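Here's a quick briefing on one protein chain. Have a look at the model first, then work through the points below.

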Amino acid sequence: MSAIDLIKPHKLVPGDKVAIISPSWAGASVFHDRYLAGIKQMEKEFGLIAVEAPNSMISAQENADNPQKR
């Protein structure tokens, strides 16, 4: 495989798991109700299963103070 070959993932299907992460901003902890509504809608509309990463609910302050957790 050369450097320009792309690996295309398989199409998601109901029952697949998707990771919920917070790589740079703790929006899920700041807007917790909206976050939960989004997960509920994703599960209802697409049948996907949300798997929260340990950092997904980190507070904004903890996220800012500990970049290694991102």
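What percentage of the 70 residues in the protein chain do buried residues make up? The share is 21%, where buried means under 20% relative accessible area, exposed over 50% and partly exposed in between (1.4 Å probe, protein chains only). Keep in mind that this is a predicted model, in which local features need pLDDT of at least 70, side-chain atom pairs count only at pLDDT 80 or more, and totals for chains, interfaces and linings use all residues. Residues are numbered from 1 along each chain as its sequence is written, and side-chain values use heavy atoms, leaving out hydrogens and water.

**Overall layout**
- The protein chain has 3 helices and 2 strands; these are DSSP runs numbered from the N terminus, with helices being H or I of at least four residues and strands E of at least two.
- Follow the sequence along and you get the pattern β-α-α-β-α.
- The radius of gyration of the protein chain is 15 Å, while a compact globule of 70 residues would come out near 11 Å (taken over C-alpha atoms; the globule rule is 2.2 Å times the number of residues to the power 0.38).
- Along its principal axes, the C-alpha trace spans about 40 × 35 × 15 Å.

**Contacts and surface**
- Take the contacts between residues at least 6 apart in sequence: 68% of them join residues at least 24 apart, with contact meaning heavy atoms within 4.5 Å.

**Ser 56**
- You'll find Ser 56 in the loop between strand 2 (49-52) and helix 3 (60-65).
- Ser 56 counts as buried because its relative accessibility is 3%.
- Leaving aside neighbours within four places in sequence, Ser 56 touches Ile 20, Ile 21, Ser 22, Ala 28 and Tyr 35.

**Ala 26**
- Ala 26 sits in the loop between strand 1 and helix 1 (27-30).
- With a relative accessible area of 1%, Ala 26 is buried too.
- Once neighbours within four places in sequence are set aside, the contacts of Ala 26 are Ile 58, Ser 59, Ala 60 and Asn 63.
- Ala 26 and Gln 61 are 35 residues apart in sequence, and their C-alpha atoms are 8.4 Å apart in space.

**Asp 5**
- Look for Asp 5 in the segment before strand 1 (17-20).
- Is Asp 5 buried, exposed or partly exposed? Asp 5 is partly exposed, because its relative accessible area is 40%.
- Asp 5 and His 32 are 27 residues apart along the chain, and 39 Å separates their C-alpha atoms.
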